[in-house]
Amino acid sequence: MGFLEPLQIFLMSIVGLIANPVNILILFGSVIMGIIFGATPGLTATLGVALLTTLTYGMDVSTAMVALMGIYVGGVYGGSYTAVLVNIPGTAASAATALDGYPLARKGQAGRALGLTTTASAIGTVIGMVFVVLLSPVISALALEFTSFEFFLLALFGIVISGTLTSQDLVYKGWIAGLIGLFLATIGRDSLQFFPRYTFGMSELEGGLDLVPVLIGAFGIPQIMQTIRDNFKISETSEFKKILPEWKTIGKNIPAILRSSLIGVGIGAVPGIGEDIAGWVSYGTAKKASKHPEEFGKGAVEAVISTETANNSCIGGAMIPLLNLGIPGSPPAAMLLGAFMLHGIQPGPMLNIDRPTFVLEITAILLLASIAMWVSGIFLSKQVVKVLKVPTSLFMPIISVLCIIGSYALGMRVFNLYLMLPIGIIAYFLTEMKYPIAPLIIGVILGDMADQNLRRALMVSQGSFMPVLQRPVSLVLVLVILILIAGQIPAFQKLQAGVKAGVLSLFKKKQGSADNA
Amino acid sequence: MEEKKLRQYDFITAVGLILFSIWELAQAFKMPMKDTYGGVQSEWYVSPALLPLIIGGGLMLLGAILLVNAVRSGGAASFFEAVGKSGKVKMTEPTRRVITVVFAFVSFIYLMIPHVDFFLSISLFLFYISASFYPDSDDFRKKMTFQFLLGMIALLILVVTGLEGVLKGILSYNVDILALLFLIYLNIYSRIMARKMDIQRKLIRQVTWISILVPLVRYSAISFWCRYP
């Protein structure tokens, strides 16, 4: 395929989507719903995607994707509302935005701050989309060369890195969560010999655990319990008259936008690492690169633009491994994976062969969603802020019902509800004890891939692990996994610090001698 | 959560994880390894036990590391100290709120959905949970929980004793009629209590509307549009 053919498919997809007024309605509806979900503390983009997945059950694939991508984009952006207006981030993704967005609002510039977050988020989403288009064919072609060993190691890498980077307490708590997720994935008959594993003789468990109830349980129930427990209320929001896009300020911050987009895409592409980390890393980098770092935390425009660009470009980044490898880049992307499967789409290296235009359709939807998000953000913000004033104690019970209906609706199995609640309660306690949930979900999703590919690979090699060392990609993955694990061992940390100090002193010596010369 | 408490919980989790991994490994060892299964001669590397063994081993190792860390950081000692003083431990209000939510979920999913009409189940659940938290009064929540608990005990007795079947034999909607009466009773009770406790009646009215409108919307619009059953 040359350059013009994908462009033609991309444009045709856009025309096809906007030619149907129902799609436009669904797009705006889901984006606004996403903004409300993102803006309401306690609700997240992940939960929004999870709940909407069940509503898309009867839709055709394109319309369903419009709805799901719309809520995803809106959800990630929506967090900035409460971050700017009440200094409470609606989602973890916009936590860094609150640091400078709220001081701006306190200076009477809430409208300006929201205008900047809206435009930066839209630009971030579009840049993320460009990376999906550019990198997908490369990664997909590379993935077609992968053998079972590489796929097993990729799954393992996803769990290890997600566990390492999302853990707030001890790193191995993330790995424990990942292993628990893997265990949940082994429940049911195994795919090679059809042996029932951990089914306790229950026929309902033989097909394994349904992904959607597990995801709703793990993400939704703990959030409901936490929000009701903390009796969260939004008292007063900062006032604003109009939201102004401020193209001039955006123009002045183009280097920051490009840098943050790259950070967002890069972090998004790492399995299980979400928009929150992208926001924080981008904030830190922007502060380091800024000529006026002392202004950060006091209402720096550059900081607001950087964090919002990064967390929204993370969406594109998260879509790259999801579409091409079947590995979700972020928790909402994990939920999207469940939605894809529900609609009969199997993401992975074969996606470009089975559905050659699907990736381009998704990118077209991402572009439309970012436009819808910008329009909704600029023109409907006042209405969204009114919704924020609905008390969470009234809102959360409705979300609980939606979670229950959502889990039940897929497959019409009451058993899914019996499953969702214990998983939700366990996830609540794990969250309280500072175990991250993202690795658990990554484990559940990648468990089957890890299991099948490990055994297939060993079947081909007759039980030998030597091919791992003979194939460059496998070798790199093994080394990265080992370094990540060994990095938690004190002796290795000391060794690492020693090597780092040695290299730095050598570098300084060389620089010093060069300066003398 | 404060550091000391976190390490206490780490100690309990570590013990739980080690026990769980022992069970997981014991189950994995029962799976076919090198013997035949379904007429196929298996090898260790194609055994369905392979991944469970890796998971069990990993969990046991990480559980042991967590245990060592909990013991070293004083989590184990403070856990045993807390157990010794358990008589003095008071349940906090946030914990009570969590228990209320869990109780609502458990009774909705395990008791109401299998035995009561779905619409009525949603209505009851929504009314109870919203009325408990929306007026923002702990006393009111406790009173509502007590009434709801009585209702759920009555339903449990009907189910366990087989009376539910007898009632359905007389008239198939008998349990639903009882649930509807219970919903009306809860509504009246909450209004009376709200008046006594100086809670705005507007709040109870809003809760009532939500408990009727949400299942109604689910039944009409969503079931048509999204082809639910």
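Begin by selecting A:V304, which sits in helix α13 of chain A, the helix formed by residues 301-325. The model you are looking at is a predicted one, and this should be kept in mind at each stop. Is A:V304 buried or exposed? A:V304 is buried, because its relative accessible area is 0%, whereas the cut-off for a buried residue is anything under 20%.

Next, show what surrounds this side chain, leaving aside residues up to four places away in sequence: A:V304 touches A:T97, A:D100, A:G101, A:L104, A:A113 and A:T117.

Now widen the selection to the whole of chain A and colour it by secondary structure, where you will find 23 helices and two strands. Chain A is as compact as a globular protein of its length, because its radius of gyration of 23 Å is close to the 24 Å that the globule rule gives for 517 residues.

With a surface drawn, chain A exposes about 19,600 Å², of which carbon and sulfur atoms supply 68%. For the charged side chains, select the 31 positive and the 26 negative ones of chain A as two sets, whose centres lie 10 Å apart.

Move on to chain B, and colour separately its two domains, domain 1 covering 3-88 and domain 2 covering 93-225. How many Å separate the centres of domain 1 and domain 2 of chain B? Taken over C-alpha atoms, the two centres are 39 Å apart.

The secondary structure of chain B comes to nine helices and two strands, and if you follow the chain from the N terminus on, the elements run α-β-β-α-α-α-α-α-α-α-α. Buried residues account for 45% of the 229 residues of chain B, while 71% of its contacts with a separation of 6 or more are between residues 24 or more positions apart. The accessible surface of chain B comes to about 11,900 Å², and 68% of this area belongs to carbon and sulfur atoms.

Most residues other than glycine have a negative phi. Select B:D136, in the loop between α5 (118-133) and α6 (138-161) of chain B, and read its phi, which is positive at about 55° although B:D136 is not a glycine. With a relative accessible area of 35%, B:D136 is partly exposed.

Finally, go to the loop between α8 (174-196) and α9 (201-225) of chain B, where B:D198 is found. B:D198 also is not a glycine, and its phi is positive at about 60°. Is B:D198 buried or exposed? Its relative accessibility is 73%, so B:D198 counts as exposed, the cut-off for that class being over 50%.

Definitions and conventions: Residues are numbered from 1 along each chain as its sequence is written. Chains are lettered from A and ligands numbered from 1 in the order in which they are written. This is a predicted model: local features need pLDDT of at least 70, side-chain atom pairs count only at pLDDT 80 or more; totals for chains, interfaces and linings use all residues. Side-chain values use heavy atoms; hydrogens and water are left out. Helices (H or I, at least four residues) and strands (E, at least two) are DSSP runs, numbered from the N terminus. The radius of gyration is taken over C-alpha atoms; the globule rule is 2.2 Å times the number of residues to the power 0.38. Accessible areas come from the Shrake-Rupley method with a 1.4 Å probe; for residues, only the protein chains shown count as cover. Lys and Arg count as positive and Asp and Glu as negative; His and the chain ends are not counted. The place of a charge is taken as NZ of Lys, CZ of Arg, CG of Asp or CD of Glu. Domain bounds come from an automatic or database domain assignment. Buried means under 20% relative accessible area, exposed over 50%, partly exposed in between (1.4 Å probe, protein chains only). Contact means heavy atoms within 4.5 Å.
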